[in-house]
Amino acid sequence: MTRLRARSPGCRFRSSRAQLVAAVGAATMLAGCYSYRPLAPTAVPARAEIRLVFTAEGATALRDAAGFELRQLDGRVVRPLGDSAALVMPDAIVTVDGDELPWRRGELLVPWRTVDRPQQRVMDKRRTRGFVAVMGAAFTGVVYFALKSIASGSGTTLQAGAGVPE
């Protein structure tokens, strides 16, 4: 004999669904779109996130200090040194050969005369608002359909168990 017993369907599935909804919501709230804006070398603040695109002569001039001929450097200003240079902590570099490499050598002294285009990384408010609006709508849709599917289910299913004939 097989006994019929009630069992809640997919408790683990509901838990992972709730975690997914929470993760999408957190990603939406923490999201930000960034862009690079031109930067005057004389107005570089400490701790600014920057991208420096080097001149051909600058790439060659930095070869000894960097170990590579640099086309581009992404990093953070440690300390501006007046109008002539800045002490920078690179995160990543792009060589003149096009290789993208992480930087693990410490700070680098960058003379401004070697830089063709200094740029600062800033949050783009317009793009961020658009992204958050789209993600918020998607999040709302996911929550709506998740709640709708939970509400439409009866919450129990019958399964064969010991004691009731099949």
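**Notebook: strands, core and rings**

I began with Ser35, which I found in strand 2 (strands are DSSP runs of E of at least two residues, numbered from the N terminus). This is a predicted model, in which local features need pLDDT of at least 70 and side-chain atom pairs count only at pLDDT 80 or more, while totals for chains, interfaces and linings use all residues. Residues are numbered from 1 along each chain as its sequence is written, and side-chain values use heavy atoms, with hydrogens and water left out.

I noted Ser35 as buried, because its relative accessible area is 12% (buried is under 20%, exposed over 50%, partly exposed in between, with a 1.4 Å probe and protein chains only). Leaving aside neighbours within four places in sequence, I listed Gln120, Arg121, Val122, Asp124 and Arg127 as contacts of Ser35 (contact means heavy atoms within 4.5 Å).

Next I looked up Leu52 in strand 3, and recorded it as buried with a relative accessible area of 0%. The C-alpha atoms of Leu52 and Asp74 are separated by 6.5 Å, although these residues are 22 apart along the chain. Beyond neighbours within four places in sequence, the contacts of Leu52 include Leu73, Val110 and Trp112.

I then turned to the largest nonpolar core, which has 19 residues, and among them Ile50, Leu52, Phe54, Leu70, Leu73 and Val110 touch the most other members (such a core is a set of buried Ala, Val, Leu, Ile, Met, Phe, Trp, Tyr and Cys residues joined through side-chain atoms within 4.5 Å). Strand 3, strand 4 (70–81), strand 5 (85–95) and strand 7 (108–111) each give two or more residues to this core.

For Arg47 I noted a positive phi of about 70°, although it is not a glycine. Most residues other than glycine have a negative phi. Arg47 is placed in the loop between strand 2 (34–38) and strand 3 (49–54), and counts as exposed at 64% relative accessibility.

Among the rings, I found one aromatic pair in the structure. Tyr144 is partly exposed at 49%, whereas Phe145 is exposed at 55%.

Definitions and conventions
Helices (H or I, at least four residues) and strands (E, at least two) are DSSP runs, numbered from the N terminus. Rings of Phe, Tyr and Trp (its six-membered ring) pair if their centres lie within 6.5 Å; planes under 30 degrees apart count as stacked, over 60 as edge-to-face and the rest as tilted.
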